[in-house]
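Colleague: I've got this one open on my screen, so can you talk me through how the helices pack and where there's a pocket?

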Amino acid sequence: PHKNKLWRTVQGFGIQWTGSQRDLVELVYGLYLTKSFNYGNIKLKGIMDVACFIFGLNIPAEKFYIITSQIKTRKKEEGSFFESLKKTTQEFREQY
């Protein structure tokens, strides 16, 4: 149990990351590459630290860099978190 007030507030929303660590890293990496935070004036590690804090995760730096390296060298989008998001969003739109 964290004594930090912000931590307790975040946890009070009951949001829990239930995807894989790889999915979260891929999402954060995509947000970093699109300069979605601070107009791109933030380090990748800073965004990852915030995401881990929000979701109460601990992704060691070495694992984070292994995953980002794998994302960079992946030749196909098949199986990627973004491909899954795209497919799910398209299916949702087609229903309505």
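This is a predicted model: local features need pLDDT of at least 70, side-chain atom pairs count only at pLDDT 80 or more; totals for chains, interfaces and linings use all residues.

Colleague: Start with helix 2 and helix 3: are they oblique or roughly parallel to each other?

Modeller: Helix 2 covers residues 21-33 and helix 3 covers residues 44-55, with the axes 10 Å apart. The angle between them is about 135°. Angles over 145 degrees would count as roughly antiparallel. At about 135°, helix 2 is therefore, relative to helix 3, oblique.

Colleague: And how many charged residues sit in the contact of helix 2 with helix 3?

Modeller: From helix 2 you have Leu24, Val25, Val28, Tyr29 and Tyr32, and these meet Leu44, Ile47, Met48, Ala51 and Phe55 of helix 3. Tyr counts as nonpolar here. That contact splits into 10 nonpolar residues, no polar ones and, for charged, none.

Colleague: Now helix 4: how is helix 2 oriented to it, roughly perpendicular or oblique?

Modeller: Helix 4 spans residues 61-73, and its axis comes within 10 Å of the helix 2 axis. The two cross at roughly 70°. Anything from 65 to 115 degrees falls in one class, so helix 2 is, relative to helix 4, roughly perpendicular.

Colleague: What handedness does the crossing of helix 2 and helix 4 have?

Modeller: Helix 2 passes helix 3 in a right-handed crossing. Where helix 2 passes helix 4, the crossing is right-handed.

Colleague: How many charged residues are in the contact of helix 2 with helix 4?

Modeller: On the helix 2 side there are Gln21, Arg22, Val25, Glu26 and Tyr29. They meet Lys63, Phe64, Ile67, Thr68, Gln70, Ile71 and Lys72 in helix 4. By class that gives 5 nonpolar, 3 polar and, for charged residues, 4.

Colleague: On to the second largest pocket: which helix gives the most to its lining?

Modeller: That pocket holds about 150 Å³ of space. Its lining includes Leu24, Leu27, Val28 and Leu31, along with Ile47, Val50, Ala51, Ile54 and Phe55. The elements giving two or more residues to this lining are helix 2 and helix 3. With 5 residues, the top contributor is helix 3.

Colleague: Last one: how many polar residues are in that lining?

Modeller: Phe37, Asn38 and Ile42 are also among the residues lining the second largest pocket. The whole lining has 11 nonpolar residues and no charged ones, and its polar count is 1.

Note on methods
Residues are numbered from 1 along each chain as its sequence is written. Side-chain values use heavy atoms; hydrogens and water are left out. Axes are lines fitted to C-alpha atoms, for helices over the stretch in contact, and angles run from 0 to 180 degrees between N-to-C directions. Helices (H or I, at least four residues) and strands (E, at least two) are DSSP runs, numbered from the N terminus. Angles under 35 degrees count as roughly parallel, over 145 as roughly antiparallel, 65 to 115 as roughly perpendicular and the rest as oblique. A crossing is left-handed if the near helix is turned anticlockwise from the far one by less than a right angle, and right-handed if clockwise. Contact means heavy atoms within 4.5 Å. On a 1 Å grid over the protein atoms alone, a cavity is a set of points where a 1.4 Å probe fits but cannot get out, and a pocket is an open set with protein on both sides within 12 Å along at least five of seven lines; lining residues have an atom within 4 Å of a point. Grid points are joined across faces, edges and corners, and a volume is the space filled by probe spheres set on the points.
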